[in-house]
Amino acid sequence: MSAPPKKLRLGPLSNTQTIKLAFARPARLQADLDRYAAPHAQTCGEAVDAGR
């Protein structure tokens, strides 16, 4: 038998500054993000930018 997983505990964040991250992604991943964004926006009631 394997041991049960340990609980992960995070302490307070020392820096909460927002940064912008850009990365190249394959067209297929972008299509998946677009497909996910549509129902997510409907459920949450807000538009989602899927990273274009």
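1. Asp 32 has a relative accessible area of 32%, so it counts as partly exposed. Keep in mind throughout that this is a predicted model.

2. What does Asp 32 pair with? Its partner is Arg 35, and the closest N and O atoms of this salt bridge sit 2.2 Å apart. The cut-off for such a contact is 4 Å. Arg 35 itself is exposed, because its relative accessibility comes to 54%.

3. Now the spacing of that pair. Both residues belong to helix α1, and since they are three residues apart there, about one helical turn separates Arg 35 from Asp 32. If you go looking for others, the count of salt bridges comes to one.

4. Next, Asp 34, which also has its place in helix α1. Is this residue buried, partly exposed or exposed? Its relative accessibility is 26%, so Asp 34 counts as partly exposed. Asp 49 lies 15 residues away from Asp 34 in sequence, and the two C-alpha atoms are 8.5 Å apart in space.

5. On to the nonpolar side of things. Leu 21, Phe 23, Leu 29 and Leu 33 together make a nonpolar surface patch of about 390 Å². One of these, Leu 33, is placed in helix α1, which covers residues 27–44.

6. The C-alpha trace spans about 40 × 35 × 30 Å along its principal axes.

7. What about burial and surface? Of the 52 residues in the protein chain, 8% are buried. The chain exposes about 5600 Å², with carbon and sulfur atoms supplying 59% of that area.

8. Finally, charge. The protein chain carries 8 positive and 4 negative side chains. How far apart are the centres of the two sets? They lie 13 Å from each other.

Methods:
Residues are numbered from 1 along each chain as its sequence is written. This is a predicted model: local features need pLDDT of at least 70, side-chain atom pairs count only at pLDDT 80 or more; totals for chains, interfaces and linings use all residues. Side-chain values use heavy atoms; hydrogens and water are left out. Patches are made of residues with over 30% relative accessible area and no salt bridge: like charges are joined within 9 Å, nonpolar side chains (Val, Leu, Ile, Met, Phe, Trp, Tyr) within 5 Å. Accessible areas come from the Shrake-Rupley method with a 1.4 Å probe; for residues, only the protein chains shown count as cover. A salt bridge is a side-chain nitrogen of Lys or Arg within 4 Å of a carboxyl oxygen of Asp or Glu. Helices (H or I, at least four residues) and strands (E, at least two) are DSSP runs, numbered from the N terminus. Buried means under 20% relative accessible area, exposed over 50%, partly exposed in between (1.4 Å probe, protein chains only). Lys and Arg count as positive and Asp and Glu as negative; His and the chain ends are not counted. The place of a charge is taken as NZ of Lys, CZ of Arg, CG of Asp or CD of Glu.
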